[in-house]
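Please consult the sequence and the structure shown below while reading.

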Amino acid sequence: MVLDTETTGLSKSDVIIEMGFLVYDSSEKEVSRYNRLWRQERKSHPGAQRCHNIPYQDVLNSPYKPQDEMRILQKTMDEVWASGGVVVAHNAKFDCRLIMQTAHMAGTVIRFRRPVFCTLEHSRRVSERQRGKSCKNGSLHAHLGLTLPNGDAHRAVVDAEITANVFFEAKRRGWWGN
C-alpha cells in the first residue's frame with residue numbers, strides 16, 4: 001500500500017483534506033485505489049493552497065467525513081500488514097503525524113501496527129551517485145527515468161503513484177536491500 005495526503009498546512013493544528021492510496025499485490029499490480037477529498041471546515045494556509053490548488057469549496061462540500069474515512073484507512077492498512085505487505089509513504093513522518101492529528105480532531109484513533117516505509121528516509125541512505133542530488137519525490141522519479149502518471153502533482157493519488165513508482169523501481173535496483 002502506498003499513501004499520500006494533502007493538508008491544510010504543516011502545523012500541529014492542520015488536517016488532511018485529501019487522501020490517496022494504492023494497494024498492490026505481491027507482483028506489483030495495483031489491486032485497488034482510494035482517492036477522496038475529506039470534508040473539513042478549516043481553510044488551507046496560503047502556501048499549502050498554492051501547492052495543492054484544492055478549492056476550499058470542494059473540501060467544504062465533500063460528502064466524506066474524516067472519521068468515516070479513517071476507518072477505511074485503518075482497515076486497509078491492517079489488511080495489508082496481515083497479508084505480509086508494507087505501507088509506504090514519501091516523508092512518512094509527516095503523513096503519519098497528519099493522519100494521527102486528523103484522526104484525533106475527528107474524535108477517533110488510528111493505529112500504526114507496523115512502521116511505515118519512508119522512501120524519503122531510505123533514499124537518503126543511498127549514494128548520491130545512485131539517486132541524484134535530491135531526495136524529493138519528483139526528483140527521484142525523474143532520476144530513475146520513470147514516466148509521470150497522468151494528473152496533477154501535489155494531488156494525493158498522483159503523488160502516491162509517483163511514490164509507488166519510485167519504491168518499486170528503487171527496490172528492483174537494490175536500494176532497499178530487497
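## Report on the predicted model

Asp 78 is located in helix 3, which spans residues 66-82. Helices here are DSSP runs of H or I with at least four residues, strands are runs of E with at least two, and both are numbered from the N terminus. The model is a predicted one, in which local features need pLDDT of at least 70 and side-chain atom pairs count only at pLDDT 80 or more, whereas totals for chains, interfaces and linings use all residues. Residues are numbered from 1 along each chain as its sequence is written, and side-chain values use heavy atoms, with hydrogens and water left out.

With a relative accessible area of 22%, Asp 78 is partly exposed. Buried means under 20% relative accessible area, exposed means over 50%, and partly exposed lies in between (1.4 Å probe, protein chains only). The C-alpha atom of Asp 78 is 8.6 Å from that of Phe 112, and the two residues are 34 residues apart along the chain.

### Overall architecture

The protein contains eight helices and five strands. From the N terminus on, their order is β-β-β-α-α-α-β-α-β-α-α-α-α.

The radius of gyration of the protein is 16 Å, which agrees with the value near 16 Å that a compact globule of 178 residues would have. This radius is taken over C-alpha atoms, and the globule rule is 2.2 Å times the number of residues to the power 0.38. Along the principal axes, the C-alpha atoms fill a box of roughly 45 × 35 × 30 Å.

Of the 178 residues, 47% count as buried. The accessible surface comes to about 9,400 Å², and carbon and sulfur atoms contribute 49% of this surface. These areas come from the Shrake-Rupley method with a 1.4 Å probe; for residues, only the protein chains shown count as cover.

A contact means heavy atoms within 4.5 Å. Among the contacts in the protein with a separation of 6 or more, 63% are between residues 24 or more positions apart.

The side chains include 26 positive and 20 negative ones, and the centres of the two sets lie 5 Å apart. Lys and Arg count as positive and Asp and Glu as negative, while His and the chain ends are not counted. The place of a charge is taken as NZ of Lys, CZ of Arg, CG of Asp or CD of Glu.

Arg 36 lies in strand 3 and is partly exposed, at 25% relative accessible area. Leaving aside neighbours within four places in sequence, Arg 36 is in contact with Ile 17, Glu 18, Met 19, Tyr 64, Glu 69 and Ile 72. The C-alpha atoms of Arg 36 and Ser 62 are 8.5 Å apart in space, and these residues are 26 residues apart in sequence.

Asp 58 belongs to helix 2, residues 56-60. Asp 58 is partly exposed, with a relative accessible area of 40%. A C-alpha separation of 7.7 Å is found between Asp 58 and Leu 37, which are 21 residues apart along the chain.

Most residues other than glycine have a negative phi.

### Helix 5 and the cysteines

Ser 123 lies in helix 5, which covers residues 119-124. Ser 123 is buried, its relative accessible area being 0%. Leaving aside neighbours within four places in sequence, Ser 123 is in contact with Arg 131, Cys 135, Leu 140, Trp 175 and Trp 176.

Cys 135 is itself buried, with a relative accessible area of 12%. The closest cysteine sulfur to that of Cys 135 is in Cys 118, at 9.8 Å, which is too far for a bond.

Cys 51 is partly exposed at 35% relative accessibility. The closest cysteine sulfur to that of Cys 51 is also in Cys 118, at 17 Å, again too far for a bond. A disulfide is defined as a pair of cysteine sulfur atoms within 2.5 Å, and by this rule the count is zero disulfides.
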